[in-house]
Amino acid sequence: MGSVAAGIPLLEIPNAVLVLFGAAIVASLILTRTVLGRYAFALGSNEEATRLSGVNVARWTIAVYALAGVFSGLAGVLIAARRNLAQPALGQGYELDAIAAAVIGGTSLSGGEGSILGTVIGAFIISTLTNGLRIMSVPQEWQTVVTGAIVILAVYLDIVRRGQSAAH
């Protein structure tokens with residue numbers, strides 16, 4: 001993949017990075033400024049309470065999954081373009097990295113809390129960690145163990161934080 005700003009000195013930003021920031025801005029706007037974003041948080045926090053509030057849970061759940069499919073499709077196109085091939089199992093194993101990025105970025109696995117900016121920061125942390133482990137020639141299996149341990153630590157800290165906030 002090239003760069004849109006290839007003719008401008010000091011602006012050799014890869015197109016994939018530009019797409020990342022564009023997608024993050026769109027996702028953030030959807031999450032914070034639309035009914036879909038509000039209902040997504042409500043569904044993630046307490047689906048039954050959302051249903052009892054008069055929200056058509058099935059309709060909005062389908063909308064959330066459809067939007068997730070759009071962003072997943074965009075990610076699939078970008079990774080296929082980066083690798084110059086498309087294979088059905090190309091993204092296999094990225095689920096843990098995605099969950100780790102979201103949890104490290106402050107998204108609660110209990111639902112109802114999180115931000116796109118935090119997730120992007122979490123993704124940068126995970127990719128830096130993964131890159132560092134590869135540079136140190138750590139085997140792939142141990143990279144997965146380290147990532148899993150970080151997710152467990154982040155979830156534990158989230159539970160502790162939620163427990164303290166509930167106590168106050």
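Which residue forms a salt bridge with R51, and how far apart are the closest N and O atoms? The partner is E48, with 2.3 Å between those atoms. A salt bridge here is a side-chain nitrogen of Lys or Arg within 4 Å of a carboxyl oxygen of Asp or Glu.

Before we go on, please note that this is a predicted model, where local features need pLDDT of at least 70, side-chain atom pairs count only at pLDDT 80 or more, and totals for chains, interfaces and linings use all residues. Residues are numbered from 1 along each chain as its sequence is written, and side-chain values use heavy atoms, with hydrogens and water left out.

**Salt bridges**

Searching the whole structure turns up 3 salt bridges, listed here.

| Pair | N to O distance |
|---|---|
| R51 and E48 | 2.3 Å |
| R161 and E113 | 2.9 Å |
| R161 and D158 | 2.6 Å |

R51 and E48 share helix α3 (residues 47-52), where they sit 3 residues apart, about one turn of the helix. Helices are DSSP runs (H or I, at least four residues), numbered from the N terminus. R51 is partly exposed, at 43% relative accessible area, and E48 is partly exposed too, at 40%. For these labels, buried means under 20% relative accessible area, exposed over 50%, and partly exposed in between (1.4 Å probe, protein chains only).

The side chains of R161 and E113 also meet in a salt bridge. This pair links distant parts of the chain, with R161 in helix α7 (residues 140-167) and E113 in the loop between α5 (94-104) and α6 (116-135), 48 residues apart. D158 lies in helix α7 with R161, 3 residues away. D158 is buried, at 10%, whereas R161 is partly exposed, at 38%. Through shared partners, salt bridges join E113, D158 and R161 into one network.

**An aromatic pair**

The whole structure holds 1 aromatic pair. Rings of Phe, Tyr and Trp (its six-membered ring) pair if their centres lie within 6.5 Å; planes under 30 degrees apart count as stacked, over 60 as edge-to-face and the rest as tilted. Y39 belongs to helix α2 (residues 35-45) and W60 to helix α4 (residues 57-83), so the pair ties together parts that are 21 residues apart in sequence. W60 is buried, at 17%, while Y39 is partly exposed, at 23%.

Notes
Helix = DSSP H or I, 4+ residues; strand = E, 2+ residues; numbered from the N terminus.
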